[in-house]
Amino acid sequence: MDGHLKDKFDLLIDYLSNYDRIGVACSGGVDSTFLAYACCRALGPERVFILFGDSKLQPSTLRTSIEDRLAKDLGEGVRIEKIPVDPFSQAAFVKNGGDRCYVCKKYIFNKFFERLEKLRVPVLFDGTNCDDLHEDRPGLKALEELGVISPLVETSFHKKDIRMAASALGLVCADLPSNSCLATRIEKQTPIDNNQLRSIDAMERFLHERGYHGCRVRPRSGMVFIELLSEDIEKISEEAERRSIVSYYQQNGYGVVMLDLQGRKR
């Protein structure tokens, strides 16, 4: 870790050391996992409570592997709790309007606070970083209203800093592609139902099993849009590969299969 990044990491550790017992909302992605690691480093694992919102919005592979995934980076002795949540209980979420993420985030983090209250843990952190502040993220308003603290923002961490620090520390999460819940694949104003989410989960899992990690699949009427990491576009353009993938989606009811040529960034 170079001098500038080490100074920033030390600042984060100093910041976290001001707290006694903390909860960390952890999605399993690089930002929240890196934050959870820093919290355990600053306070010791016995004073850190990791909370994962377990719902049908998360890919099935993540839901079944989250404990093992986090244990690789956080080590033994860390308290990891899967908190069952049901965003479908929120009518505004199902409606899928412009406030969907706000409604969902507020509902889930309220569940986290309820759990932390029983554990007598007074504070909840999340992995928001400085780059997130410049994106359209309605859920950030919910976090602000609830009093959730974002230490990575407080200590000026950007996404690039997080990946570099995680890599220097040897964390498995360092190269994980960015991701979001399955509901983000559905066009706004289209009501969300469980069958859609299960279908999207299966279609993305099909690509994951072929080596396309970090992909997103966005179904539309009779069509499906595939987004891949930039480095995977050449692979999918091979004729045999393309034919196999097109055949799979056509068998699942999508006559037109489209690829976003811009490519996703990690």
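## A visit to E204 and its protein

Visitor: Which helix is E204 found in?
Guide: Happy to start there, and do keep in mind that this is a predicted model. The stretch to look at covers residues 194–209, and E204 belongs to it. That helix is α9.

Visitor: Does E204 count as buried or exposed, and at what relative accessibility?
Guide: A residue is called buried when its relative accessible area is under 20%. E204 has a value of 2%, so E204 counts as buried. The relative accessibility you asked for is 2%.

Visitor: Which residues does E204 touch, not counting those up to four places away in sequence?
Guide: Contact here means heavy atoms within 4.5 Å. Leaving out residues up to four places away in sequence, the partners of E204 are L182, R185, C215, R216 and V217.

Visitor: Let's step back to the whole protein. How many helices and strands does it have?
Guide: Both kinds of element are present in the protein. The tally is 11 helices and 7 strands.

Visitor: Why is the protein said to be as compact as a globular protein of its length?
Guide: For 266 residues, the globule rule gives 18 Å. The protein is close to that, so it is as compact as a globular protein of that length; its radius of gyration is 19 Å.

Terms used:
Residues are numbered from 1 along each chain as its sequence is written. This is a predicted model: local features need pLDDT of at least 70, side-chain atom pairs count only at pLDDT 80 or more; totals for chains, interfaces and linings use all residues. Side-chain values use heavy atoms; hydrogens and water are left out. Helices (H or I, at least four residues) and strands (E, at least two) are DSSP runs, numbered from the N terminus. Buried means under 20% relative accessible area, exposed over 50%, partly exposed in between (1.4 Å probe, protein chains only). The radius of gyration is taken over C-alpha atoms; the globule rule is 2.2 Å times the number of residues to the power 0.38.
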